[in-house]
Amino acid sequence: EVQFVESGGALVQVGGSLRLSCAASGITFKDYAIGWFRQAPGKEREGVSLISGSDGNTYVADFVKGRFTISSDNAKNTVFLEMNSLKPEDTGTYYCAAKDLVSGIWDYWGQGTQVTVSS
C-alpha cells in the first residue's frame, strides 16, 4: 500500500541534465522528510538531498550544491531532484526514502533509478 517509486534515471553525457522524480503513495506527506540517496558500485550509500514535507526546509550535500536542486509538489506527493552539470562521479543508483518526522526513522525506500554519466 505504501509505495515510493523513483523515475527519471538515464544515461547522459557529461554536463547534461536529468530530473528524477519520487512519487510517494500511502503516506501523509507532511509527516515525512523525503531524501535522495545514491550509491555507486563498490561505494557507500551517501545522502544527496532532502526536503521536509512539513515545512519545506531543504538540505543539499556539499558535493552537489550548486548543481542539484530538490523540490516538491506536495499536492501530488512527489519530490523532484533536478540534476545539472552532471559529472561521471554522479553515476550511481539513486534512491528515494522517507523519514518519519516524529520518530526520525527512515521507514520507506524506493527501488532506485539508475543514473549513468558518460564522458
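**View 1. The hairpin of β9 and β10 in the predicted model.** Between the two strands of this hairpin lie 5 residues, and Gly104 has a positive phi near 80 degrees. Strand β9 covers residues 92–100 and strand β10 covers residues 106–109; they pair in the antiparallel sense through 3 bridges. Ala97 has Trp109 of β10 as its bridge partner.

**View 2. The open sheet of 4 strands.** The strand order is β1-β3-β8-β7, and the pairing is antiparallel. At the edges are β1 (3–7) and β7 (68–73), each of which pairs on one side only. From one strand to the next, the twist averages 15 degrees.

**View 3. The pairing of β7 with β8.** Strand β8 (residues 78–83) is joined to β7 by 6 bridges, and the two run antiparallel. Ile70 has Leu81 in β8 as its bridge partner.

**View 4. The largest nonpolar core.** This core has 27 residues, of which Ile34, Trp36, Leu81, Met83 and Tyr94 touch the most other members. At least two core residues come from each of β3 (18–25), β4 (32–39), β5 (46–52), β7, β8, β9 and β11 (113–118). The most is given by β3, with 4 residues. In soluble globular proteins, nonpolar side chains tend to be buried together.

**View 5. The surroundings of Ile34.** Leaving aside residues up to four places away in sequence, Ile34 touches Phe4, Cys22, Phe29, Ser49, Leu50, Ile51, Ile70, Val79, Cys96, Ala97 and Ala98. Among these contacts of Ile34 are Ile70, the bridge partner of Leu81, and Ala97, the bridge partner of Trp109.

Methods. Residues are numbered from 1 along each chain as its sequence is written. This is a predicted model: local features need pLDDT of at least 70, side-chain atom pairs count only at pLDDT 80 or more; totals for chains, interfaces and linings use all residues. Side-chain values use heavy atoms; hydrogens and water are left out. Two strands pair if DSSP finds at least two bridges between them. Axes are lines fitted to C-alpha atoms, for helices over the stretch in contact, and angles run from 0 to 180 degrees between N-to-C directions. A nonpolar core is a set of buried Ala, Val, Leu, Ile, Met, Phe, Trp, Tyr and Cys residues joined through side-chain atoms within 4.5 Å. Buried means under 20% relative accessible area, exposed over 50%, partly exposed in between (1.4 Å probe, protein chains only). Contact means heavy atoms within 4.5 Å.
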